[in-house]
Amino acid sequence: MACYRPAGQDFYFACPVPELAPFEISGSQPATEAPPVAPAVLLSRTVGWVGGEQREVESWFAPPGTLLKVAGGSSFYIAPSGRAIVRVEGTKETAPGDSGLPAQLTALDREILVGPALVLALALRGVWCLHASAVIWRGHSIAFLGESGQGKSTLAACLADAGRPDWRLVADDILPVTDSKAGVDSWPHFPQLKLSMQAQPGPGLPEHIPLDRICVLAHAGKDENPDLLSLASGQAVEMLLRHTAGTRLFDPALLGNHLAFCGRVARQIPFYRLVYPHRKEALAKVQELLESLC
Amino acid sequence: MLTLDAALHIPDYVMSTTDNEDIVLLNAQTNQYYALDEVGARLWGLLKDGKPLREIYQVLLDEYEVVPVQLEQDILELLNHLLENGLVESV
């Protein structure tokens with residue numbers, strides 16, 4: 001039994017998950033929730049980038065929980081509370097263990113587990129995974145939202161490089177976030193799959209950090225300079241909706257919870273549109289603008 | 001053709017943010033989101049309260065500086081869009 005605590009939530013797995021090793025904890029598994037039954041109703045079918053290629057991803061209502069099926073990989077049952085993720089079908093890539101499933105998770109299964117399965121389980125527990133990079137500067141944290149290729153990982157990495165000791169990387173691609181009456185928190189103890197194990201930012205950071213601001217990256221014209229503009233709350237909600245991971249797997253009730261979360265966060269923290277030219281000499285100005293926010 | 005005498009209601013599967021100046025609507029059947037600006041959000045709030053379209057028109061006419069004919073046209077255009085996307089239904 002392997003026990004991990006990514007994004008501040010305890011999870012127990014039959015097989016070790018190396019990607020979660022930095023967040024391993026000791027503990028024993030709580031009473032198992034109701035076992036999965038045969039999937040009954042298809043909730044959604046979509047195509048997502050998993051295991052290095054575009055794959056069909058299906059979520060099925062499998063009372064009382066959800067069954068996640070990814071083409072080419074095992075299926076994972078997620079309990080309705082999000083407290084358990086159980087592999088229920090195996091591929092035949094390795095020898096079967098006692099359960100009739102492969103004793104070790106394949107690389108693809110691990111990616112499904114720490115990707116869509118974990119994202120869905122966390123959402124069921126009220127932890128929403130933003131497609132975002134994030135940095136912290138002198139105690140103030142900023143998340144960057146943007147489409148793929150818009151430079152959010154590059155910007156966070158550049159700000160947090162060795163030449164800027166006050167800046168630190170919090171997340172490269174996925175940032176788990178929660179909200180409460182006290183404010184919005186980010187949870188950096190989460191595997192950043194595009195970074196090597198040595199480059200993971202989470203292990204050296206507190207388990208949760210108040211999230212102070214969110215910037216949405218916007219393309220800059222050829223000669224355009226960096227700029228920051230405030231976003232209205234409706235635009236902020238739209239950006240959060242668009243840049244939350246896994247929403248295509250959410251059932252209507254979860255979509256409703258997510259919408260309410262986005263509305264609350266948009267009211268609690270300021271959002272900006274950051275015009276970000278992909279020019280090296282623009283970085284100093286971007287840094288100056290971001291520091292002026294804090 | 002839609003007129004201000006039509007009776008519309010909001011289906012159960014449509015959700016909206018609350019307490020924001022602008023409103024975002026979610027059609028949970030299609031997983032599609034729609035944003036409404038301030039005036040659209042005001043219209044939505046009144047529709048949610050069960051007000052008939054003519055009363056909504058009158059409220060908006062009183063609250064905003066707008067030409068009556070233009071307001072009616074804008075309201076019907078928005079409602080047609082909401083109807084097409086399953087965010088409101090004819091009663």
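**Domain interface, chain A.** I looked up the burial between domain 1 of chain A and domain 2 of chain A in this predicted model, and found about 1900 Å², 75% of it on carbon and sulfur atoms. Buried area here is the accessible area (1.4 Å probe) that two parts lose on being put together, summed over both. I note the bounds as 2-124 for domain 1 and 128-293 for domain 2; they come from an automatic or database domain assignment. The domain centres, taken over C-alpha atoms, are 26 Å apart. I counted 25 residues of domain 1 in contact with 19 residues of domain 2, where contact means heavy atoms within 4.5 Å.

**Salt bridges.** I applied the rule of a side-chain nitrogen of Lys or Arg within 4 Å of a carboxyl oxygen of Asp or Glu. It gives one salt bridge across the domain interface. I also recorded the salt bridge of Arg5(A) with Glu207(A), whose closest N and O atoms are 2.7 Å apart.

**Conventions.** I number residues from 1 along each chain as its sequence is written, and letter chains from A and number ligands from 1 in the order in which they are written. Local features need pLDDT of at least 70, side-chain atom pairs count only at pLDDT 80 or more, totals for chains, interfaces and linings use all residues, and side-chain values use heavy atoms, with hydrogens and water left out.

**Largest pocket.** I found about 1200 Å³ of space in the largest pocket. Of its 36 lining residues, Trp49(A), His131(A), Ala245(A), Gly246(A) and Arg248(A) are the closest to its centre. A pocket is an open set of points on a 1 Å grid over the protein atoms alone where a 1.4 Å probe fits, with protein on both sides within 12 Å along at least five of seven lines; lining residues have an atom within 4 Å of a point. The volume is the space filled by probe spheres set on the points, which are joined across faces, edges and corners. Both domains of chain A give residues to the lining, so the pocket lies between them.

**Chain interface.** I found about 1200 Å² buried between chain A and chain B, with 64% from carbon and sulfur atoms. On the chain A side, Leu255(A), Leu259(A) and Arg267(A) lose the most area to chain B, together 41% of what that side buries. The contact takes 17 residues from chain A and 14 residues from chain B.

**Backbone.** I noted a cis peptide bond between Pro63(A) and Pro64(A), with omega about 5°.
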